Amino acid sequence: AAPRYRQIQGHKTKSVTIGQGSFGGAYLFEDRASAEAWFSDAWRQRVVQTYGAPARVDIYEAPLTIDGPAAE
């Protein structure tokens, strides 16, 4: 999946999340327009076809991102 995510316009990072009975990701995009373009109706349809359930997408503004010491 990594090569696909490296080609998404405006995409900066994705952290994979795993919970009890669920999974997903936390994405960081350069701007809201890039995020909305990625989470399109076609993307939502693929999710339903692949996983049998609709995705939940919450979009937040992130005015500040702080990298930890591993990023230095």
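Asp58 and Arg56 pair up in a salt bridge, with their closest N and O atoms 2.7 Å apart. Arg56 counts as exposed because its relative accessibility is 71%, over the 50% cut-off. Asp58, at a relative accessible area of 41%, is partly exposed. Bear in mind that this is a predicted model.

That pair belongs to a set of three salt bridges in the structure. Here they are side by side:

| Salt bridge | N to O distance |
|---|---|
| Arg56 and Asp58 | 2.7 Å |
| Arg32 and Glu36 | 2.9 Å |
| Arg32 and Glu61 | 3.5 Å |

The link to Glu61 ties together distant parts of the chain: Arg32 sits in helix H2, while Glu61 lies in the segment after helix H3 (41-51), 29 residues apart. As for Glu36, it's four residues from Arg32 in helix H2 (residues 32-38), so about one helical turn separates the two. Through shared partners, the salt bridges join Arg32, Glu36 and Glu61 into one network.

How open are these residues? Arg32 is partly exposed, with a relative accessible area of 41%, and Glu36 is partly exposed with a value of 41%. Glu61 counts as exposed, at 62% relative accessibility.

Then there's a nonpolar spot on the surface. Val16, Ile18, Phe23 and Tyr51 make a patch of about 530 Å². One of them, Phe23, has its place in strand S2 (residues 22-29), and counts as exposed at 54% relative accessibility.

How values were computed. Residues are numbered from 1 along each chain as its sequence is written. This is a predicted model: local features need pLDDT of at least 70, side-chain atom pairs count only at pLDDT 80 or more; totals for chains, interfaces and linings use all residues. Side-chain values use heavy atoms; hydrogens and water are left out. Patches are made of residues with over 30% relative accessible area and no salt bridge: like charges are joined within 9 Å, nonpolar side chains (Val, Leu, Ile, Met, Phe, Trp, Tyr) within 5 Å. Accessible areas come from the Shrake-Rupley method with a 1.4 Å probe; for residues, only the protein chains shown count as cover. A salt bridge is a side-chain nitrogen of Lys or Arg within 4 Å of a carboxyl oxygen of Asp or Glu. Buried means under 20% relative accessible area, exposed over 50%, partly exposed in between (1.4 Å probe, protein chains only).
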